[in-house]
Amino acid sequence: MAEIFQEQESSSSSSYENPRQAARQYRKDGPVSEFLARLEHFTWANYTFPMATGGLALLLSEQTQGFTFRGLQTIGTIVYIFDLVIFVLVTAAITYRFVKFPGTLKASVTHPTEALFLGTSTLSLASIIAGISRYGIPACGPWLVTVYRILFWIYFLVTFAIAVGQYSLLFTSPLLRIQDMTPAWDLPIFPFMLSGTVAASGAAAQPPDQALPMIIGGLMAQGLGMLISILMYASYIRRMIQWGLPSPNSRPGMFIAVGPPSFTSLAIIGMANDFPQHYNYFGADTTTVQILRVLATSTSIFIWSLSLWFFCISVIANLAIRKQLSFHLNWYAYVFPNVGFTITVISIGKILHSNGVMAVGSAMTILLVMMWIFVFIRHVKAVIDREVWFEGKDEDVYVNEKNHAHVKPIKSGSDIEKEA
């Protein structure tokens, strides 16, 4: 295992020695051959594209928004279908990479940088599954309710196995050092955590005897994900205190830290609203649901404030180096984590019957749509300009977070005493 990581520290999985050699070879082979050859660098991070698009589809649903207009559901449906197409194309491309270039699959799940983005593939699925409740079930009938339930439990089990297995691999990597800590370290647990969001989206459509187990499973997953995220936050904040903010091209990923508290708040509210009035476990269900909603709302506001703090820190950090940024696929972190952030604002506004809060959520929605369009255009430009899917440009290259101009200078004890 150590030998694998040592090899990856010095180079990527490409067979070319340098980008210029690769560019010359690509031009020689022709456009189609060039495109297929570039797929050697089609990393797991490409799933951030359908992940963000699926999140946007959820945000644009009439059921999500506080204020709606005629045609909003149609727009959301178009975005959702587009997300399905993107997911299929990305899956086909990464499958081609693993088949055409032997060894890249094993390298991708053990590489200290690329492996962190493995979770974006299942995060994309979470958006798709949750979207079924918004766009599929209302149009297709009860059979899709059963499909949703089956997909939920498969997703629950698979993402838990990935979270345990991937962290077990990453913890043994000699290249994973605390100075390289970014919120991307939270990605392996993120998909399992979103089981709570998937449960909150679809439990209301389930029969009472099926809804309650889904809510309990979702609550457990959301709780575990949030607790592990808090532990990761401790390392992340320690890393920033000691070494400063991440390198410029890693800073878009700082918005990942916004996600866990936001989606936890969203899931808690959703599951409390969907609690089935059927069992009378704690007395009259009408009273139980009322108590649950009060607790869920209070807890969600309490937790959401952490998202607000991370959001503000991330905005300041990115604005400070805006002229130094070059496109990377982590730019989609400008969108997806903030989807949860925005939906939570809208959900809180609905519960409190506050038109002002819901209006803020609507304004945030417009800004997120604009941001998605901007990132999408930059993504297309980056593909054309060989800024992605190219030798040395993707997540299959190890990034040393201490090797950039913004790292805090290390001072000895005597230097600190002199300054004091």
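**Pockets, rings and loops**

Trainee: By class, how many nonpolar residues are there in the lining of the second largest pocket?
Mentor: Happy to start there, and keep in mind that this is a predicted model. The lining of this pocket has three charged residues and ten polar ones. The remaining class, nonpolar, has a count of twelve.

Trainee: About how much space lies in the second largest pocket, and which residues are the closest to its centre?
Mentor: The space in this pocket is about 490 Å³. Its lining is made of 25 residues. Of these, the closest to the centre are Gln-63, Arg-134, Ala-200, Leu-266 and Ser-347.

Trainee: Which helix gives the most to the lining of the second largest pocket?
Mentor: Let's begin with the helices that supply at least two residues each: H4 (48-59), H7 (119-140), H10 (195-202), H12 (259-273) and H14 (336-351). The one that gives the most supplies six residues, and that is helix H14.

Trainee: Which residues lie nearest the centre of the largest cavity?
Mentor: Its lining has eleven nonpolar and three polar residues, with no charged ones. Helices H4, H7 and H14 each supply at least two of the lining residues. Of the 14 residues in the lining, those nearest the centre are Thr-48, Met-51, Leu-187, Ile-256 and Ala-333.

Trainee: How many helices and strands are there in the protein chain?
Mentor: The chain has 420 residues, and 54% of them are buried. Among contacts with a separation of 6 or more, 82% are between residues 24 or more positions apart. As for your count, the chain has 16 helices and zero strands.

Trainee: How many residues apart in sequence are the parts that Tyr-80 and Tyr-135 tie together?
Mentor: The count of aromatic pairs in this model is 28. Tyr-80 and Tyr-135 form one of them, a stacked pair with 5.3 Å centre to centre and 25° between the planes. Tyr-80 is in helix H5 (residues 72-100) and Tyr-135 is in helix H7, so the pair joins parts whose separation in sequence is 55 residues.

Trainee: Are Tyr-80 and Tyr-135 buried or exposed? And what kind of aromatic pair do Phe-152 and Trp-153 form?
Mentor: Both tyrosines, Tyr-80 and Tyr-135, are buried. Phe-152 and Trp-153 have 4.8 Å centre to centre and 75° between the planes. An angle over 60 degrees counts as edge-to-face, so this pair is edge-to-face.

Trainee: Phi of His-353 is near what value?
Mentor: As a general rule, most residues other than glycine have a negative phi. His-353 lies in the loop between H14 and helix H15 (355-384) and is exposed, with a relative accessible area of 71%. Its phi has a positive value, near 55°.

Trainee: And where is the place of Arg-386?
Mentor: Arg-386 also has a positive phi, near 60°. Its relative accessible area is 22%, so Arg-386 is partly exposed. You will find Arg-386 in the loop between H15 and helix H16 (413-419).

Trainee: What separates the C-alpha atoms of Leu-352 and Thr-297?
Mentor: Leu-352 belongs to the loop between H14 and H15 and is partly exposed, at 47% relative accessibility. Along the chain, Leu-352 and Thr-297 are 55 residues apart. Their C-alpha atoms are separated by 8.8 Å.

Terms used:
Residues are numbered from 1 along each chain as its sequence is written. This is a predicted model: local features need pLDDT of at least 70, side-chain atom pairs count only at pLDDT 80 or more; totals for chains, interfaces and linings use all residues. Side-chain values use heavy atoms; hydrogens and water are left out. On a 1 Å grid over the protein atoms alone, a cavity is a set of points where a 1.4 Å probe fits but cannot get out, and a pocket is an open set with protein on both sides within 12 Å along at least five of seven lines; lining residues have an atom within 4 Å of a point. Grid points are joined across faces, edges and corners, and a volume is the space filled by probe spheres set on the points. Helices (H or I, at least four residues) and strands (E, at least two) are DSSP runs, numbered from the N terminus. Ala, Val, Leu, Ile, Met, Phe, Trp, Tyr, Cys and Pro count as nonpolar, Asp, Glu, Lys and Arg as charged, and the others, Gly among them, as polar. Rings of Phe, Tyr and Trp (its six-membered ring) pair if their centres lie within 6.5 Å; planes under 30 degrees apart count as stacked, over 60 as edge-to-face and the rest as tilted. Buried means under 20% relative accessible area, exposed over 50%, partly exposed in between (1.4 Å probe, protein chains only). Contact means heavy atoms within 4.5 Å.
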